[in-house]
Amino acid sequence: MPNTVIIGGSVAGFSVAAGLRDAGYTGAITIIDPHETALDRPPLSTDYLVGDDVDLALASDSWFVENNVTWVQDTVVRFSRGNVETASQTFQADHIVIATGATPKTLELPKPVYTFRTRADADVLRNSLGPGVCVAIAGGGLLAPELATSAQQLGAQVTVFTPHIPAGEVFGELAETLYTTMTQRVKVIPRRLTVDEDLDRFDLVIAAVGVEPAVQIAEGTGLILDDGIVVDEAYRTNVAGVYAIGDVCRIHNQPRQDHWDHGRASATRVVHTIMGTEPPARTPQWVWSDQFGHDAQAVGRVVPRAHEHLVHRGDNAIFVVSDQQLIGAAAIDEQLVIRAATRMITRGIAVDPEQLADTSVSIRQLTR
Ligand SMILES: Cc1cc2nc3c(=O)[nH]c(=O)nc-3n(C[C@H](O)[C@H](O)[C@H](O)COP(=O)(O)OP(=O)(O)OC[C@H]3O[C@@H](n4cnc5c(N)ncnc54)[C@H](O)[C@@H]3O)c2cc1C
């Protein structure tokens, strides 16, 4: 019987197990992860941090029983082709999927610096952030504004240090709108947080300064490592039968993607490879961020290159168009725009920039 072992059981690893079963895989599936079950991360910085009853589980216990997927609560210490080992057990595997994610970078400061990736990190901050607590949050990505939103909601006095407008690559021009909102809601200092800062005025310092791919178990195995485990477009590593997906990997000629939807999409691609089925056309990457009461979303690439057009639709939606084809879109509080843009991109629907820009033309109509 074929046998797949998945190392790491968050969105990427879990999606392989779920996708294999949906596709009719009859072999054994084992997920190895130190957590007690498959946990999601995006709610940690928002709903979980400020709420009491947020379920992070990607599936119920009964799902694992019904789908005959074995969850092993353990940490993988090494693997080689066909073999995966924890400190106490060895697993044989025809297919090994590495989905170990990433770990947060930190800052060297003469003060304790908190990072934010796991439920344990969130629990610590939940107990520390509160009315009157002065918190400095350093970072220029999606996480810093999300943490700033939650910290403020918990009553803390928030200062964000960011050397540039956060997530400019993700939300394009709309990142400026999000930045303006942040400056209206919390104190923003437009530079890096360094040792030169008067740190005594902060009770807490949080670094949200990016992540490193968690490649430790791949070191010395012969896998190519270069800002992540290097894979081909089908997420195959250079060792037969070994795949890497999600935050831990990087497609050889592309930048590393550390967004939730990439975890899911890369898992889907590996499922097709294992099943020997033809993958569907690639869907454009979708990213979202909930900050200061706004729902920001982007699909595809939203920073135009030479000869591409940036089209504005009102104040809260932008599109990148090249030769009547939509390359990407970003929108704030406009879910319909993102849904329509995804359809236009995946189906290759020809777009007219003038109509896209015209808010009197229904966006849904343009997808027909
Ligand atoms: C607080 C927060 C908020 C986020 N918000 C957004 C958002 O709004 N939008 C968005 O697009 N993305 C967001 N992201 C990013 C998104 O969550 C990640 O891209 C996604 O979780 C990556 O999934 P993954 O499965 O590749 O890795 P991870 O989620 O990092 O999971 C890796 C898993 O591997 C396990 N593991 C590691 N080493 C081993 C080992 N040796 N043996 C066994 N198991 C191991 C870990 O325990 C973990 O469960 C957010 C991330 C965080 C932390």
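**Sheets, domains and the ligand shell**

Over three bridges, strand β5 (residues 83–86) pairs with β6 in the antiparallel sense, where strands (E, at least two residues) and helices (H or I, at least four) are DSSP runs numbered from the N terminus, and where two strands pair if DSSP finds at least two bridges between them. The structure described here is a predicted model, in which local features need pLDDT of at least 70 and side-chain atom pairs count only at pLDDT 80 or more, whereas totals for chains, interfaces and linings use all residues. Residues are numbered from 1 along each chain as its sequence is written.

An automatic or database assignment, from which the domain bounds come, divides the chain into domain 1 (3–103 + 211–275), domain 2 (106–207) and domain 3 (301–367). The C-alpha centres of domain 1 and domain 2 lie 29 Å apart. Nine residues from domain 1 and 12 residues from domain 2 take part in the contact between them, two residues being in contact if their C-beta atoms, placed from the backbone, lie within 7 Å. On the side of domain 1 that touches domain 2, helix α2 (residues 47–50) gives the most, with three residues. That side comprises six nonpolar, three polar and no charged residues, with Ala, Val, Leu, Ile, Met, Phe, Trp, Tyr, Cys and Pro counted as nonpolar, Asp, Glu, Lys and Arg as charged, and the others, Gly among them, as polar.

The ligand is surrounded by 37 residues, of which the closest are Gly 8, Ser 10, Ala 12, Gly 101 and Gly 246; a residue is near a molecule or strand if its C-beta atom, placed from the backbone, lies within 6 Å of it. Two or more residues of this shell are given by each of α1 (11–22), β2 (28–33), α8 (260–275) and β17. By class, the shell divides into 18 nonpolar, 13 polar and six charged residues. Because domain 1 and domain 2 both give residues to the shell, the ligand lies between them.

Strand β17 also belongs to an open sheet of five strands, which has the order β17-β18-β21-β20-β19 and antiparallel pairing. At the edges stand β17 (286–291) and β19 (309–312), each with a single partner strand, so one side of each is left without a neighbour in the sheet. Neighbouring strands of this sheet are turned by 15 degrees against each other on average, direction ignored. Six bridges pair β17 with strand β18 (residues 294–300), and Val 287 stands opposite Ala 298 in β18. The two strands form a hairpin with two residues between them, and Phe 292 in the turn has a positive phi of about 50 degrees. Val 287, Ser 289 and Gln 291 make up the covered face of β17, whereas Trp 286, Trp 288 and Asp 290 make up the uncovered one. Elsewhere in the sheet, strand β20 (residues 317–322) and strand β21 (residues 325–332) run antiparallel and are joined by six bridges, with Val 320 opposite Gly 328 in β21.

Asp 323, in the loop between β20 and β21, has a positive phi near 50 degrees. Asp 323 is exposed, with 10 other C-beta atoms within 10 Å, whereas Tyr 235 is buried, with 25; a residue is buried if 20 or more other C-beta atoms lie within 10 Å of its own, exposed if 12 or fewer, and partly exposed in between, with C-beta atoms placed from the backbone. Tyr 235, in the loop between β14 (229–231) and β15 (242–244), likewise has a positive phi, near 65 degrees.

In helix α5 (residues 143–153), nine of the 11 residues are buried, so the helix is largely enclosed by the rest of the structure. Among the elements that cover these buried residues are α2, β9 (134–138), β10 (157–161), α7 (174–185), β12 (204–207) and β17. Gly 155, which follows α5, has a positive phi near 100 degrees.

Note on methods:
Axes fitted to C-alpha atoms, helices over the stretch in contact; angles between N-to-C directions.
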